[in-house]
Amino acid sequence: MDNAHDANMELAQQGNHEAFRLLMEQHTRAVYKLAYRMSGNQHDAEDLTQETFLRAWKHIGRFDGRATFATWLYRICSNCALDHHRSTGRRPASIDDEAIFNRIASAEPSPERLAVSSEVAARLGPAMEELSGMERVAFVMRHFEGVPVESIAQALGIREGAAKHAIFRAVQKIRRAMEPAMSTK
């Protein structure tokens with residue numbers, strides 16, 4: 001990162017609230033995006049984002065710089081999401097189908113593309129719900145956030161091979177769920 005980020009990191013580790021607030025401002029959007037993709041709804045995403053930063057502040061002294069600060073926050077957010085899903089005993093909510101549809105559809109889609117995109121959107125939410133917590137975190141980080149596999153492994157506290165395998169299993173499950181939509185070209 002840049003010098004200001006590094007300086008804020010050092011000051012935050014010394015207990016400086018303002019420096020930590022600046023770090024929060026810089027990373028809130030990315031953490032919220034991950035939390036939303038993990039939870040599937042705005043309310044839970046806001047709670048998970050808040051919990052992520054509360055835990056980060058509480059444990060800022062444990063940040064040792066082996067991973068980037070963003071990767072460390074992803075790990076905390078992922079753990080918060082997994083804890084939330086375990087404590088509530090329910091699977092993550094479906095991601096908003098309209099948001100998925102808007103990402104899939106092009107600016108001027110043909111009627112055929114609209115039909116396929118609509119079916120893809122209808123199948124993606126339930127397919128994501130069928131993933132285990134680890135698979136969902138790994139898949140979201142890799143394919144929605146573009147996080148490198150090495151950073152996913154660090155964020156989840158697992159070996160790189162295990163992260164690759166979790167992503168692979170998620171892709172396979174989603175591919176099977178999406179096959180009917182993709183074969184209707």
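Author: Let us begin with a single residue, in what is a predicted model: leaving aside its neighbours within four places in sequence, Thr49 is in contact with Thr28, Val31, Tyr32 and Ala35.

Reader: In which helix does Thr49 lie, and does Thr49 count as buried or exposed?

Author: Thr49 belongs to helix 3, which spans residues 42-58. The general idea is that a residue counts as buried when its relative accessible area is under 20%, and because the value for Thr49 is 8%, Thr49 counts as buried.

Reader: Which backbone atom lies 2.8 Å from a polar atom of the Thr49 side chain?

Author: That atom is the backbone oxygen of Ala45, so placed at 2.8 Å that the pair falls within the 3.5 Å cut-off for a polar contact.

Reader: How should I read the packing of helix 2 and helix 3, and at what angle do they cross?

Author: One takes the distance between the axes together with the angle between them: for helix 2 and helix 3 the axes come within 8 Å and cross at roughly 140°. Angles over 145 degrees would count as roughly antiparallel and those from 65 to 115 as roughly perpendicular, and helix 2 and helix 3 are therefore oblique to each other.

Reader: Which residues meet in the contact of helix 2 with helix 3, and how do they divide into nonpolar, polar and charged?

Author: From helix 2 the contact takes in His17, Phe20, Met24, His27, Thr28, Val31, Tyr32, Ala35, Tyr36 and Ser39, while helix 3 brings Gln42, Asp44, Ala45, Glu46, Leu48, Thr49, Thr52, Phe53, Ala56 and Trp57. By class, these residues divide into 11 nonpolar, 7 polar and 2 charged.

Reader: How does helix 2 pack with helix 7?

Author: Helix 2 (residues 17-39) and helix 7 (residues 133-144) pack at an angle of about 135°, and their axes are 10 Å apart. By the angle, helix 2 and helix 7 are therefore oblique to each other, and helix 2 passes helix 7 in a right-handed crossing. On the side of helix 2 the contact involves Leu34, Arg37, Met38 and Ser39, and on the side of helix 7 it involves Gly133, Arg136, Val137, Val140, Met141 and Phe144. Sorted by class, this contact has 6 nonpolar, 2 polar and 2 charged residues.

Reader: Turning to helix 1, is Asn8 buried or exposed, and which residues is Asn8 in contact with beyond its neighbours within four places in sequence?

Author: Asn8 sits in helix 1, residues 3-13, and counts as buried because its relative accessibility is 15%. With those sequence neighbours left aside, Asn8 is in contact with Ala19, Leu22 and Leu23.

Reader: Where does Ala67 lie, and how far apart are the C-alpha atoms of Ala67 and Ser151?

Author: Ala67 lies in the loop between helix 3 and helix 4, and is buried because its relative accessible area is 19%, under the 20% cut-off. The C-alpha atoms of Ala67 and Ser151 are separated by 7.5 Å, although the two residues are 84 residues apart along the chain.

Reader: How many helices and strands does the protein have, and what percentage of its residues count as buried?

Author: The protein has 9 helices and 0 strands, and of its 185 residues, 39% count as buried. Among contacts between residues at least 6 apart in sequence, 65% join residues at least 24 apart.

Conventions: Residues are numbered from 1 along each chain as its sequence is written. This is a predicted model: local features need pLDDT of at least 70, side-chain atom pairs count only at pLDDT 80 or more; totals for chains, interfaces and linings use all residues. Side-chain values use heavy atoms; hydrogens and water are left out. Axes are lines fitted to C-alpha atoms, for helices over the stretch in contact, and angles run from 0 to 180 degrees between N-to-C directions. Helices (H or I, at least four residues) and strands (E, at least two) are DSSP runs, numbered from the N terminus. Angles under 35 degrees count as roughly parallel, over 145 as roughly antiparallel, 65 to 115 as roughly perpendicular and the rest as oblique. A crossing is left-handed if the near helix is turned anticlockwise from the far one by less than a right angle, and right-handed if clockwise. Contact means heavy atoms within 4.5 Å. Ala, Val, Leu, Ile, Met, Phe, Trp, Tyr, Cys and Pro count as nonpolar, Asp, Glu, Lys and Arg as charged, and the others, Gly among them, as polar. Buried means under 20% relative accessible area, exposed over 50%, partly exposed in between (1.4 Å probe, protein chains only). A polar contact is a pair of N or O atoms within 3.5 Å; within protein, one must be able to donate a hydrogen and the other to accept it, and residues adjacent in sequence count only if both atoms are side-chain atoms.
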